[in-house]
Amino acid sequence: MIEKKMSTIEIEQLYDLIAEGIDKAGPDKTGLFLAKLSLALANLLGDSKAVADAVLAAGRDL
Amino acid sequence: MDGERPAKPVAIVGAGPIGLATALDLARFGVPCVLLEEDLQVSEGSRAIVLTRRSLEILQQLGVDQPFIEKGLPWSQGRSFYQGKEIYKMLMPYDADDRYLPGLNIQQQYIEEYLLGYCERHPLIDIRWGQRVIAIDQDDAAVTLGVDTPDGEYELTVDWIVAADGGRSTVRKLLRLRMEGRSYPGRFVIADIKAKIDLPTERLCFFDPAWNPGNNVLVHRQPDDMWRIDFRLPDGETEQQALEPALLRQRINAVLSMIEQEVEWQLDWATVYSANTLTLGEFVHGRVLLTGDAAHLLPIFGVRGINTGLQDSNNLAWKLAFVVNGWAERSLLDSYSQERVQAAREICAEGGKRTRFMTPPSPGTRLLRDAVLSFSLSEDFLKDLMHWRTSRPHDYRDSALNAFAEADRAFDGGVACGQPLRNVKLAAHDHLFDTIGSKAGFHLMLFVGDEGLTPDLQQILAATENLAYPIHRLLLAPDQARTYSKYAASPGTVYLIRPDLHVCARWHRANPREVVQALRRATGFAEGGCLS
């Protein structure tokens with residue numbers, strides 16, 4: 001299970017921010033935008049095990 | 001213009017739930033009104049189905065809650081489903097001290113019928129049907145309405161107009177007022193069907209059902225075997241296509257088969273709806289006061305329409321009555337606009353978030369929503385995003401009517417300035433609001449210790465003895481332990497409460513001078529700036 005580390009208010013703000021980022025990137029570049037965002041966040045997190053767990057969790061129920 | 005002067009100081013335009021409630025609320029303070037309704041009968045336009053606890057508390061203040069309780073279906077939980085799995089269950093919080101559950105399902109036709117019954121019996125309320133407002137003309141002294149009726153036109157001059165004429169408000173249009181905010185592109189069908197279905201009263205939400213991919217469905221039980229079904233249309237589909245009988249029938253059957261209730265049903269009503277988060281930036285325009293959907297258009301998610309409107313009405317009515325009766329400065333009405341515009345803006349922000357989740361307006365919001373749903377099958381960290389944030393009473397913490405902020409901050413808990421009073425269960429069928437709520441006027445709660453009334457408290461009682469307006473004093477002895485703890489009170493604590501049951505000042509130790517000052521502030525006589 002991924003631990004909840006942020007308040008719902010913070011998550012909601014980031015939810016809107018990321019959604020705007022996707023809309024700005026446009027349909028052709030959505031995948032690229034999200035891949036870049038994932039790499040940036042993985043680097044900022046600085047925790048390989050946590051990133052690997054997140055990759056596993058994101059891959060479920062697609 | 002100089003029209004008929006009916007010796008009624010207030011005309012309310014619109015006999016929907018908000019207009020009717022406002023008329024009853026004004027009448028509590030002895031203020032008569034003329035209620036003008038364009039239709040020849042109770043309205044058929046909108047169909048609210050959920051009243052919140054706060055709305056019921058307001059109806060209790062008006063002394064009219066009983067038929068609602070007898071007819072309505074109370075509920076307190078909701079469940080959301082995705083890919084056949086229950087992914088979220090929400091128990092709406094409620095306190096053992098509350099009289100009502102968080103939600104009560106009841107059709108708008110009953111809400112209007114009951115309120116209308118009380119209005120028709122009230123000698124201070126003059127209801128006129130078939131009255132279409134065609135002009136408004138106001139100056140410093142009065143406001144005159146041009147009214148078109150089946151018997152011809154006439155003019156009506158009053159001191160104040162309350163516009164409660166709904167989302168398509170004629171008054172708003174005549175004043176050329178524009179709303180700020182956002183409209184959402186997603187469109188929904190709302191349908192009421194009559195069907196014998198044996199399921200409990202709760203909010204059911206289905207995301208991405210097989211028959212309507214990417215969209216969602218809401219199902220609510222109503223009294224009389226009526227069921228509300230609400231689903232988003234595929235993008236690009238028109239209203240006409242969506243309401244085409246064969247397609248509608250097929251989709252309703254799909255919903256019924258999804259909830260495993262393939263029963264006989266009849267369609268009662270259906271319409272197409274889209275969400276808005278729009279509000280006027282000012283609810284007071286000279287002698288015209290806008291309220292409910294006439295002042296703002298809020299999304300359906302979170303049952304905000306009628307419940308926000310009833311709070312507007314409850315905020316406005318006592319202030320207008322105080323001004324009409326000469327008990328308060330006219331500036332008291334400015335606080336109506338300040339408090340309720342702020343409430344509407346906060347509701348727009350929150351309702352906007354719900355709307356972006358329920359009906360994503362763009363590819364980005366849709367992708368994020370789908371990601372949350374997908375995670376919900378295996379992870380918990382995003383579950384709170386599925387909370388649908390039901391309408392709740394607004395906290396007027398920034399209100400200009402609040403006084404003595406330092407004394408307020410000195411409390412550890414209790415009910416802070418601006419917050420709605422909290423109910424207390426005193427005995428099996430006896431709640432604090434039963435006594436407090438039904439008396440129109442200000443309230444003083446004085447917490448008295450074992451030694452009885454101290455000189456301070458006696459002076460406060462004396463200082464509030466002969467005011468122009470009603471103020472009800474409630475002495476609370478230490479054996480009222482629940483009330484003491486809920487209000488973080490100790491002997492000598494005093495709470496001052498507005499007629500709409502929001503706290504506007506409180507002290508651990510009050511003195512009569514400060515109580516009188518706080519009352520002046522709460523009636524619009526704000527002298528010498530902030531009293532904190």
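These legends walk through close-up views of a predicted model.

**View 1. Chain B meets chain A.** Let's start where the two chains touch: 16 residues of chain B are in contact with 19 residues of chain A. On the chain B side, helix 10 (residues 363-376) gives the most, with six residues. The chain B residues that touch chain A divide into seven nonpolar, five polar and four charged.

**View 2. Strand 16 of chain B and its partners.** Is strand 16 (residues 226-232) of chain B mostly covered or mostly uncovered? It is mostly covered, as six of its seven residues are buried. Strand 13 (residues 180-195) of chain B pairs with strand 16 of chain B in the antiparallel sense, over seven bridges. Look for V189(B), which stands opposite F231(B) of strand 16. Strand 15 (residues 216-222) of chain B also pairs with strand 16 in the antiparallel sense, over six bridges. Here you can find L218(B) with its bridge partner D230(B).

**View 3. A hairpin in chain B.** Strands 15 and 16 of chain B form a hairpin, with three residues between them. In the turn, D224(B) has a positive phi of about 65°.

**View 4. An open sheet of three strands.** Follow the order 9-10-11 in chain B, where the pairing is antiparallel. Strand 9 (132-138) and strand 11 (152-158) of chain B each have a single partner strand, so one side of each is left without a neighbour in the sheet. Neighbouring strands of this sheet are turned by 20° against each other on average, direction ignored. Seven bridges join strand 10 (residues 143-149) to strand 11 of chain B, and D148(B) has E153(B) in strand 11 as its bridge partner.

Notes:
Residues numbered from 1 in each chain as written. Chains lettered and ligands numbered in written order. Predicted model: local features only at pLDDT ≥ 70, side-chain atom pairs only at ≥ 80, totals over all residues. Contact = placed C-beta atoms within 7 Å. Helix = DSSP H or I, 4+ residues; strand = E, 2+ residues; numbered from the N terminus. Nonpolar A, V, L, I, M, F, W, Y, C, P; charged D, E, K, R; others polar. Buried ≥ 20, exposed ≤ 12 C-beta atoms within 10 Å, placed from the backbone. Pairing = 2+ DSSP bridges. Axes fitted to C-alpha atoms, helices over the stretch in contact; angles between N-to-C directions.
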